[in-house]
Amino acid sequence: MTAPATADLLALDRAAQDLLFRAARTANTFTDEPVTDAQVAAIHDLIRYGPTAYNGQPLRVLLLRSAAARARLLPYVSSSNRAKTATAPLVAVLAADVDFHDRLPELYPHRPQARDWLRDRAARAEQARFNATLQIGYLLVGVRAAGLAAGPMAGFDAAGVTREFFPDGRHEALLLLNLGHPGPDAWAQRLPRLSTEEVVWTR
């Protein structure tokens, strides 16, 4: 008997699989079509169900829509990322809320003592960064689910962006994300992916 194709073993149909993963790419150019607040809300309403430790949900998303806000950001962006960030329909600064533990009495109510577990700021910041990064992965898939393209960028001065946009000291910038509909020549060549045999072991 011939083994079924791997795609046939998944609950999602092939079109959804392709939309979220196989056909999805990091976009480098975008059309002028805007990304609306309603689209952003729909994306978040989907991805907020992804798991995080203590259900802490430390990811915070700052949308830069105005020209003034974009101008404040660009000096901190690497030269190779600056032009596409200047012209993308929407740019998001993805940050970790280091004081996410303040919401744990509400978000993790069956463990009232959970907030006290995270009194140490250094340990809490590590938790915030790790779980916010996990949420960023959910967010990228959510953007694709909305039929949009994402251009995540680590090429920027994260400390500078944190100082510029989060002077309260509560948030740490982790990643920049350009959002929109892909424009001309939006995609670089697809790079190789590791096989299952190279990634997955059994003991």
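## Helices, strands and the annotated span

Helices (H or I, at least four residues) and strands (E, at least two) are DSSP runs, numbered from the N terminus. Keep that in mind for what follows. The model is predicted.

The UniProt record is an unreviewed entry, and its annotation "domain: Nitroreductase" covers residues 25-181. By the DSSP runs, this span is 43% helix and 18% strand. The C-alpha atoms at the ends of residues 25-181 lie 12 Å apart.

## An aromatic cluster

A pair of aromatic rings is described by the distance of the centres and the angle of the planes. The count of aromatic pairs here comes to two. Y54 and Y108 form an edge-to-face pair. Their ring centres are 5.8 Å apart, and the planes stand at 90° to each other. What does this pair tie together? Y54 lies in the loop between α2 (37-47) and β1 (59-64), while Y108 lies in the loop between α5 (104-107) and α6 (114-117). The pair therefore ties together parts that are 54 residues apart in sequence.

Y54 also pairs with W117. This pair is tilted, with 6.0 Å from centre to centre and 55° between the planes. W117 sits in helix α6, and Y54 in the loop between α2 and β1, so the pair ties together parts that are 63 residues apart in sequence. Y54, Y108 and W117 form one aromatic cluster.

Buried or exposed? Y54 has a relative accessible area of 23%, so it is partly exposed. W117 is partly exposed too, with a relative accessible area of 43%. The cut-offs explain both labels: buried means under 20%, and exposed means over 50%.

## The largest pocket

How much space lies in the largest pocket? The volume is about 320 Å³. The lining of this pocket has 17 residues. H44, I47, L59, V61 and L139 lie nearest its centre. Several elements each give two or more residues to the lining: α2, β1, β2 (90-97), α7 (121-145) and β4 (171-180).

What is the lining made of? It divides into 12 nonpolar, three polar and two charged residues.

## The second largest pocket

About 270 Å³ of space lies in the second largest pocket. Its lining consists of F21, A24, R25, T26, R144, A188, Q189, R190, L191 and R193. These residues divide into four nonpolar, two polar and four charged.

## Strand β3 and its partner

Strand β3 spans residues 149-153. Four of its five residues are buried, so β3 is largely enclosed by the rest of the structure. Which way do β3 and β4 run? They run antiparallel, and five bridges join them. Look at M153: this residue stands opposite L176 in β4.

Where is R103? R103 is placed in the loop between β2 and α5. At 38% relative accessibility, R103 counts as partly exposed. R103 and R115 are 12 residues apart in sequence. In space, their C-alpha atoms are 8.1 Å apart.

How values were computed
Residues are numbered from 1 along each chain as its sequence is written. This is a predicted model: local features need pLDDT of at least 70, side-chain atom pairs count only at pLDDT 80 or more; totals for chains, interfaces and linings use all residues. Side-chain values use heavy atoms; hydrogens and water are left out. Rings of Phe, Tyr and Trp (its six-membered ring) pair if their centres lie within 6.5 Å; planes under 30 degrees apart count as stacked, over 60 as edge-to-face and the rest as tilted. Buried means under 20% relative accessible area, exposed over 50%, partly exposed in between (1.4 Å probe, protein chains only). UniProt positions are given in the numbering used here, feature names are shortened, and annotations may be inferred rather than shown by experiment. On a 1 Å grid over the protein atoms alone, a cavity is a set of points where a 1.4 Å probe fits but cannot get out, and a pocket is an open set with protein on both sides within 12 Å along at least five of seven lines; lining residues have an atom within 4 Å of a point. Grid points are joined across faces, edges and corners, and a volume is the space filled by probe spheres set on the points. Ala, Val, Leu, Ile, Met, Phe, Trp, Tyr, Cys and Pro count as nonpolar, Asp, Glu, Lys and Arg as charged, and the others, Gly among them, as polar. Two strands pair if DSSP finds at least two bridges between them.
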